[in-house]
Amino acid sequence: PLPPPPPPPPANLYQSTVTTLLSATRAILRHEPALKSHPPPPVPGVVGGGGVGTSSGVTCSSPKSAMTGPDHLLLEKVSREELYRSVEDLCVHGHGAKLYRDVIGVLEEGAVECLNRLVHAKVPGVEVVTEAKDVVVCFGCLPDLDASVVVLSAVKKVYSDFVDYLNFVRSIFLYLDR
């Protein structure tokens, strides 16, 4: 006899999984731990105790923010391997194209965040001018060589952080390329 077919995936598979994936990529860019949340196990003998009524898959960047609602969620670190397997699961269940679009959006948000870090860095001699929707950075007259070094150091740090972020995203979402 043939083995029974595997059970269908949960109805909220995409939403719960993509929330964890995208939150983890944002956390990496901000040098925070990548966390996933899940409801606590049910407490025997307590009606509505534990995970009843909670929404799993919601991630928060800090444990304090995860414990603010009536439904308490447990947080735990999520590994790169778990994230990669989540991408693989979503692709196997036909969510690859939608996931790709969501990843592109998060990458664009990450680029804007990195540029904002650079724009808001306090560097002498550098002026930030906002014109309509554009932000223009005027380097004007840097007072001395030390100020130039500070500007270049800030650019190098932001660039290095963004490259590390892109490498992380590439390693996690590599399955989308198959």
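## Terms and model

Helices are DSSP runs of H or I with at least four residues, numbered from the N terminus. The structure described here is a predicted model.

Arg 85 and Glu 81 are 4 residues apart in helix H3, so about one helical turn separates them. Their side chains form a salt bridge, in which the closest N and O atoms are 2.8 Å apart. Arg 85 is partly exposed, at a relative accessible area of 40%, whereas Glu 81 is exposed, at 54%.

## Packing of H1 and H3

Helix H3 spans residues 80-92 and packs with helix H1, residues 13-29, at an angle of about 145°. The axes of the two helices lie 10 Å apart, and their crossing is left-handed. Residues of H1 in the contact include Leu 13, Tyr 14 and Val 18, while H3 contributes Leu 83, Ser 86, Val 87 and Leu 90. By class, the contact has 8 nonpolar and 3 polar residues, with no charged ones.

## Salt bridges between elements

In the whole structure, 8 salt bridges are found. One of them joins Glu 82 and Lys 36, with an N to O distance of 2.7 Å. Because Glu 82 lies in helix H3 and Lys 36 in strand E1, this pair ties together parts 46 residues apart in sequence. Glu 82 is partly exposed at 22% relative accessibility, and Lys 36 is partly exposed at 22%.

Glu 113 forms a salt bridge with Arg 30, at 3.0 Å between the closest N and O atoms. Glu 113 belongs to helix H4 and Arg 30 to the loop between H1 and strand E1, so the pair links parts 83 residues apart in sequence. Both residues also belong to a salt-bridge network with Arg 117, Lys 157 and Asp 161.

How values were computed: Residues are numbered from 1 along each chain as its sequence is written. This is a predicted model: local features need pLDDT of at least 70, side-chain atom pairs count only at pLDDT 80 or more; totals for chains, interfaces and linings use all residues. Side-chain values use heavy atoms; hydrogens and water are left out. Axes are lines fitted to C-alpha atoms, for helices over the stretch in contact, and angles run from 0 to 180 degrees between N-to-C directions. A crossing is left-handed if the near helix is turned anticlockwise from the far one by less than a right angle, and right-handed if clockwise. Contact means heavy atoms within 4.5 Å. Ala, Val, Leu, Ile, Met, Phe, Trp, Tyr, Cys and Pro count as nonpolar, Asp, Glu, Lys and Arg as charged, and the others, Gly among them, as polar. A salt bridge is a side-chain nitrogen of Lys or Arg within 4 Å of a carboxyl oxygen of Asp or Glu. Buried means under 20% relative accessible area, exposed over 50%, partly exposed in between (1.4 Å probe, protein chains only).
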